[in-house]
Structure formats: structure tokens, C-alpha cells
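Please look over the sequence and the structure before reading on.

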Amino acid sequence: MNQAQFEARHERRWREFAAWLDGGVGAAAIAPRDWPQRYRQIAHHLALARDRAYGPELVDRLQHLALAGHQALYGSRGNALAGLVGFVGSGFPALVRRESVAVAVAAALLFVPLLGLIALLLRWPELVHYLIPQDQLASYEAMYAPGNRALGPRHGAESQLMMFGYYVWNNVKIDFQCFAGGLLFGVGAVFFMVYNGVMIGAVAGHLTQLGLIPTFWGFVAGHSSWELLGAAISGAAGLKLGWALIAPGAQPRLAALRAAGRVAVRLLYGAAGMTLGAAFIEAFWSSMRSIPAEVKYGVGILFWGLFALYFAFAGRGRGRAEGDDAH
Amino acid sequence: MRIEALSLALRPRTPWEAIDLGVALARRTGAALFLCFALPYAGFALAVNLLLWGQPAVAALVVWWSKPAFDRLALHVLAQAVFDPGLGWRRAFASLRQVPRTGLVAALTVGRFDFARSFHLPVAQLEGQRGAAARQRRALLDRRARGAAVWLGVVIAHFVVVLVLGADGLLRLLSPQGGGLSLRLTDLFDASGALTPLYLFNAAVILADCVLEPLYVAAGFTLYLSRRTDLEGWDLEIAFRRMAARRAAAALGIAAALVLAGVLPEPAQAAASPAASAERKAIDAILASPEFREREAGREWRRKGEPDARDPPAPGAPVDLSFLQKLARVLAELARIFAWFAAIAIAGWLLYHAWRRFGWPARTPRAAPAAPPDVLFGLDVRADALPADLAAAARARLAAGEPRAALSLLYRGALAGLLRDGHLAVRAGDTEGDCIRQVAASAGAPLTTYFARLVAAWGRLAYAGAPPPATEAHALIDDWERHFAPPPRGAAR
Amino acid sequence: MTAATPMLDTLSRVPTPEGFELTLRLAGPVPRALAYALDLAIRGLVLFAAATALPYFGRGGTGLLLLCVFLLEWFYPVAFEVWAGGATPGKRAFGLAVLNDNGTPVGFGASVTRNLLRAADFLPVLYAFGLVSMICTRQFQRLGDLAAGTIVVYRERALVRTPLPVAPPLAPPFALTLDERRAVLDFAERHATLSGERADELAAHATPLVAASPRPAAVLLGIANYQRGGTGR
């Protein structure tokens, strides 16, 4: 068959394929279940044209169609919403269970200094001056003074939305810092975990020792589980990156980093989601003055309990299958 | 110019792609490019700053103004590197003396304000054009690439700022007090006259230049090459030449194949004797052991979602208990060490008690100092165990088709002779190589050479099962006679 | 020509299961920086508009503004990369697009990864790490690209058929390979940009085709016209 016959025979199908790629009027000419078949046919024609040394213009045209078909057919767009539901419902807790070592280490880096400083400051209150400057301490004390109308760093009726934006910006940024700090061989992640543990512990210990218990603990109780667990998990994601760089095992560092990155970034999605939740609760629930502290304690403990159940049981059995296709 | 010798892929490129190629070229040229620019440039900058001490702004201006002179060094190296990808920095450095000076004055005066400086530099430096001809040439080149060339300069200038502030930021990140260089752009306009920040700034800018200026020159150069490829159809020339070569080769094809078949050497020394196959197997077995396994990172097709057997265990695998194995291994290792200590302690205790009960064993007469050992490398090297006329015996073995026995005799004889003459003092654990070194230290060169030759032949035979060719074996025996012809028996101490 | 050192180029070749090869033209730091600057300007304009409008809503407005900053910072690139063919407006202006390094369109996961890791690329300030990483890696990848397995490439150009200079069609004296036919056509298409002497000089290199003709360029043009005529063998 010479080139002219070849072109005459297949011209119509090429035009249809091109129209389908453009998504224009002729697009409907190919039924969806035929797409892959038509694409393979283009690839086949391209191979034929090359092999028979047909003109470069024909080869280029077919190559162009094949490339565009490749771009149109490959790639995983997926259903973002279904993926999200699956991830929250089962993929994320299953992932956290799977990465329990990294999460446990990150949690220890955060919670040990935190709880340790609270204990230390209850015993030796003056230690706080080594950690936090006087003026900052004074502002914290003023924030949680019993007479305030609203609780938290700022007050004012319509400030909730503003504070929400501020919390999102600030907290999520910390998550990202912990994660990206993992790229510095994990040093950044470790630093930010311990640093945050120390700072939070120092403030909490100081305010507890001053006796501002109902205001401070009432304020933080609700979102503490969301925020602290989110920070620990984002730290775990950073540690995974760092560990892949330190001990890549039997593969090149870059390959190890990429493999760890795929897991770590999904931990980070979950952590960022939790931190977002924390910001929401912090802005709209924790700052409400009218709710008695006892109720807030109760809600806080309830969240901690729910998270324990969530991470222990959610998605058991089917977490793997659904968690793996999210990227 | 021999464009067929260019090690760049020639094809029509957009100006942006040509600039990217410059980055790749700079990366490939590597140390040759960056050192040849950085050393002279940084040295000059240092000298200027020292000469104009107290006036950092003036010094910075002088350094900045002179930069085109150093661009020439970078271009000179790059122009060689496009033909010679393996250009090392030593050779590049030696070639810097030949950098042409054409148009240097223009480059440092009018040309200093040319926004497409690195793009135009090859016109003056490589083509050697001047005056009106150069202007015309530049206008022709500019027609479709000037925009990109100017943007290149702008972007590189911004990259300098990024690296300067980045270096400062890195120091801030690393230092506990968050000090860093404390570079602030406002310091540049500070009238109070503090010099330190300005000098820090100068240093940071010079360092950033050392990285980015070669990149700038390389990108300008590839942009120039790409533009000439367009203008003169270099890629077409290569394709046409290749076609001509293909036709010529096709005509000569059959004849050439015949000639080649005659000329090609025999496949080098394939499977020697069947006797070697056992050793071959042993070698293969050793090469197959884990120590010799190669790890290779690569990409290949694999079904989606299908775990790769070579991957580390999938994260979803049931709880990984391999750490228990590792723990067990560590415990076992500790137990082993403990057992050794225990054994040594018990042995010591027993000895102690034996001594307490029986006193020292009666002294045996001391052995003569440095008595030659009887066995070396598993070979009996006592002079008595060797035949009187060793060379003849070896020849007989060789004639009988037993090269191993013949060489073994020679080797043992040589060792015995060396021990006897005091050239060797072998300790346990010495290797053949150690022996050769010892011989070299105390015996003459001919003997050392011979011994090394003999050791090598023996090693090939004993460990690889490859017997030496007959001529070599006979030569070894003859030489042995020359070196170790046994002296009268009585002389052996 | 030495076979040992491969020709330097900025391409990434990816074989597909369908038997053809994707040739991706990688984009380096300079055009990417320019595209980023354009995106930055666009985001700046949006933010400026938001900043002028939102304070009228009081402090809640400031909160919204912060949210707006956050979304522009982190999800402006993601949204365009996933839903607009792999290119933010800035990238589109420079003909760039983000792809997975196997040539497939970038998905949500990879896009989020590479854009969240901007935080790492930005360190210590102004994307210094990202710049160094782009200069040092073969595929011009910043840290986020490395972690997500993505590359930035020049988009495929649309095919345009340039008219050839008219010349009487001439059959080639022997069967040409694909590359040779391509070279002859390219020669004809670019004939206008070559000077007359250079065109003849070039064509003279195709010795087996032009065979000592006094006007070698005209011969090649004839062969090109013959090919364009579609009457190949």
C-alpha cells in the first residue's frame, strides 16, 4: 500500500480522533468505550507509517495525535470527593496505624517536653523565665485573666472569623514547617516538634501554676486533641522524609525520598485537615465565654476519646485497598 | 568550525530551550568552567577590595564593571567544552593564556551596557568580528533572539539577589541566635558609614557571581549556537552528511564486512582447558555470593498496584516482625562474645591452677632464631621435601602434562630458597603480596621480578585454574635454575 | 563523532506501552522563574483587589483576607495544574506545563505534593534552595518536583504546514529514510531563512541526491516538492 492509499483509507478516522481530542462538534462520533481502541489504532498507524518510511509530515501528524491521545487517556483524575470520603473514613487512620513508629516518635518528641515542662513548672515556677520573655508572659496572663469577655489571644464579638483565618494561617504553617523540615535530614522536624512542645508546655505550666485553670484549660480543652495530634502526625511525616534521607536502605536516596514522600504527604493531608479542624474549634467554640469550663473539659475529653477510637479502629480491614489509590 | 564534532544535539530550538541547554552545558562542563571563572574573578575582586579599602561601594562598582573581561574566560572554556566533553579543569586552566583580547576595550566601555552581553560575546571573541561587521552580525542574530537574551540577563541578575539573600538566610537558619550576615538592602544606602555590612554584601555578591556568571555566559553561548543553527541550517548539514555517509557505507557494505571479518582478532582466550572448569565454577559461585551482587537503580515496566518483589516490604504488610529477628541476632552476637570471654577466663583459670600445682614446664631448648618455617601457604617448603634437582623434576612434570605439579615444585623451591637466603621472614597471615614486598626489600631487582612473575603464574594456576603457556612455563624453569641453582648442601646453615 | 559521549540535550524520552516514544522538552530555571514572576504578579493583583474590598466587612473581612492569602499561596497552582491542563496562567504564557515524569498529566496528589513542598524550595528565602536544585538536577527539578516525581516541560506545539518554495517535483534517485526525508523537507521549509550561498552550500552536502548539480538547492527543493505531492513510493 502506498502512502496515498494509506492516507485515503484512514483519513476519516484520524479526523474523528482529532475532533474527539478537541472536544468540538465531532467529539461525539467516538463512543467512550471505543476511546482506548481508537487510540491504540493511532499508535498502530504511527508504527506502520514509520516502518514504511512514509513522509515525515504524515508521521508527525500521527505522532501528534498519539501524544495528545496519551495525554487525554492517561493520568488519574479520579473522583476527588469519593477519594476524600474514603481517605477520612478509613485511609487516614489505617495509614497512621501503619506508620505507628514514626507517629509514636513524633508524639514523644512533642508530648514529652510538653508534659515534662508542665510538671517542672508546677514544682519550680521560676524556670519559666528562662524560656519565655517577661512581656510575653504578661500578655498570656492577661489573655486568660478570669474577667475577660472572650477567651483566647484576642477578643471582640466579630473577631471570631478573623481569628479563624489567623489560626489557619499560623497552625497550618507550623505543620508545613515540620514536614518540610524533614528534608533537612529530619533535623528541622525534630527541632520544630521539640520547640513547640517546650513552648506549649511552658505556657501551660506557667498558667496552671498561676491558677488560671478554668480559663486556660477550658480554652484549650476543645481543640487540644485536634491541634496536638495534627502537629504530631505532620512531624511524623517530616520524620519519614528525614529517615528516608538518613537510611535509604537498598535504594538511592532520591528513590527512597520519593517513596517516603508518597506516604508522608498523605499523612500531611490528614494532619493539615486536623489542624484546620483545630482552628475552626478554636475560633468558634473554645473562645465562647458563656459555656462553663466543666462542659468544655467534657467536650475536650470526648474528642480525645473519639480520636483514640478513630485511630484504633476506623477503616480496619478495608483501609489498605482504599488508602492506596489516593495519590 | 567542525560542526559535526559538536557534542550538542543540534535541532531547531526556541530561545528558551536554547537557554536551558546552556544550563545543562554549564553543568556538564562542571569544574573546568566554574574554577576557570571563579579563581581569576574572585582573586581580582579581592585585590580590588583591598586596594580600595574603605570604599566598598567603589570597589563593588569596579568589580561589576570589569565582569565582561572575565566572561571571556568562561566562554573560552565553554567553546572548547562543546567539542570536548571530557575537558578537565587542569587542561582548561592551562588554555586560558590563549584567550583572545579582540574587542576587550569595547566590551568594557560601550558594551558594558549591552543587555544581551553574553549572547553577543561570541561574535567578538569566537568570530573575531569588529566594528561595523560586528554590528551587522549582532543585528542579524538579534532578529529572533534578542528578547530572550535580554530576559536572560534580567533573570540572572535576580538570581544573584536570590543567592545573596539565600546565603544570608541559610546562616540565619543555622545560627542559634538567628544572626546570619544580617544583610539588609537598606544598609547599602546607610549614610552612617558602617563598613562591615557593605563588605559582607560585596563578598556574598562575588560568591553568587562565581556560580551564576558562568551560567549566564553558557546560556548566552548556547543561545548564540542555536541562533546560528537556525540561520545556517547546521542540523540539516549534519543530516545531509549522514545521508552521504550512509550511501557510501551501503556501497562499501559487503566488502567492508568481509575485510572486517578478516581483521577482527580471535575472541580473546575463551574456555581454556577442561581442567579449568572446576575453578570456573568456584569463581562463579563466589561471584554469585551476596558480597558481589550488584544493585542497580533503574526503571522498567510494572503492573500498577502490583508489589515488586524487590521493593522493601509494602507498608500495608501484616505487622513486620523482622526487628525481632534482628534483636535475636544481636542477642546471639552478645551471647557469642560472652561465651568467648567465658572460655578465655576458664582457660586462664585452668592455666593458673596448673601453674600453681606443677610450676613452669621444664624449659625446652630455645629454637634457633628465625628458623625457617616448614609450611607456607599450605605448601611443604622444607628443603628435604624437595627433589635434589628441582628444575629437572619440574621439566619432567611439565612434559608429563602436569603443569600444576611443575609450578608447585618451582614455587616451593623458590620459597625454600628465599627462606634459606634470609630474604623472607614470613609471619602467619602474610599474603603472597607481602612476600613479594619482603623479597623486594632485601633481594636484588632481577630476583624480585622473577619471584613476582612466578607468584603471578602460580596464583593464576592455583586460584583460577589457568595454566601458563608452555613457553612461559619453560622460561620460568630456566630462570629458576639461574636464580636458585642449589648451592652445595653443606652451605645450608 | 564520538559514540561514547551522548549528545547534550534537554530532552526526556519516555517509552509508552503503545510503542511510540514521548519526547518531553524540559524547561529550565530561567523560563520557569519568569513564569513564576508572572504568576506572582497575577496573585498580587487578586490580593490587592481583595485587600481593597474586604476591610469593608470589618474584622471578619481581615480573616477572610488571611484565608484568601492562604488559598492563593497554596492552592492557586494546584487548582490550575489539576484542572487547567497542568499550567498556571504564568506557565501557560511561557508555553510550559507540569507533567508527571512518565509523561502523564499531573494528578491531584502529585500537584499538592509539589506545591506544598514550595515551603522547602522557598527556604531560606526567595526560593534559593529551589533555584540551586533546578540548576543541579538533570531534569531541572526543584525539591518539590523531586518528591512528587514531576517535571516542567514545554507544551507540544501545534503542527503547522509551512508552504514550500515552488519547484518542479523531482523523484529522489534512491529510497530515503524517514530522517532523510525529514531533513529534505526541513531544508525546503527553512529555505527562506537561509542565504542563497548558504542554501547551495548546505545542499551540496547531500552529495548522493544532488550529484554535482550546479544548483544543488534547487534539486533539493524539487525533491521536497515531490514528497509534499504525496506520491511517495
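The model is predicted.

The size of an interface is often given as the accessible area lost when the parts come together. Between chain C and chain B, the buried area is about 4,500 Å². Carbon and sulfur atoms give 70% of that area. On the side of chain C, C:Leu8, C:Val30 and C:Arg190 lose the most area to chain B, and together they account for 16% of what that side buries. Chain C brings 60 residues to the contact, and chain B brings 52 residues.

Several elements of chain C give two or more residues to the side that touches chain B, among them the strands β1 (11-15) and β2 (21-26) and the helices α1 (29-53) and α6 (128-136). The largest share of that side, 7 residues, comes from α6(C). Sorted by class, the side of chain C that touches chain B has 42 nonpolar, 9 polar and 9 charged residues.

**Enclosed space**

Rolling a probe the size of a water molecule over the atoms shows where empty space is left. In the whole structure, a search finds 4 cavities of 30 Å³ or more. The largest cavity holds about 50 Å³ of space. Its lining includes B:Leu8, B:Arg11, B:Arg13 and B:Thr229. Helix α8 (residues 196-232) of chain B gives the largest share of this lining, 4 residues. By class, the lining of the largest cavity has 5 nonpolar, 3 polar and 2 charged residues.

**Salt bridges**

Side chains of opposite charge can pair when their charged atoms come close. How many salt bridges does the structure hold over all chains? The count over all chains is 38 salt bridges, and between chain C and chain B it is 6 salt bridges. Two salt bridges are listed here.

| Salt bridge | Closest N and O atoms |
|---|---|
| C:Arg190 with B:Asp235 | 2.9 Å apart |
| B:Asp71 with B:Arg117 | 3.0 Å apart |

Technical notes: Residues are numbered from 1 along each chain as its sequence is written. Chains are lettered from A and ligands numbered from 1 in the order in which they are written. This is a predicted model: local features need pLDDT of at least 70, side-chain atom pairs count only at pLDDT 80 or more; totals for chains, interfaces and linings use all residues. Side-chain values use heavy atoms; hydrogens and water are left out. Contact means heavy atoms within 4.5 Å. Buried area is the accessible area (1.4 Å probe) that two parts lose on being put together, summed over both. A salt bridge is a side-chain nitrogen of Lys or Arg within 4 Å of a carboxyl oxygen of Asp or Glu. Ala, Val, Leu, Ile, Met, Phe, Trp, Tyr, Cys and Pro count as nonpolar, Asp, Glu, Lys and Arg as charged, and the others, Gly among them, as polar. On a 1 Å grid over the protein atoms alone, a cavity is a set of points where a 1.4 Å probe fits but cannot get out, and a pocket is an open set with protein on both sides within 12 Å along at least five of seven lines; lining residues have an atom within 4 Å of a point. Grid points are joined across faces, edges and corners, and a volume is the space filled by probe spheres set on the points.
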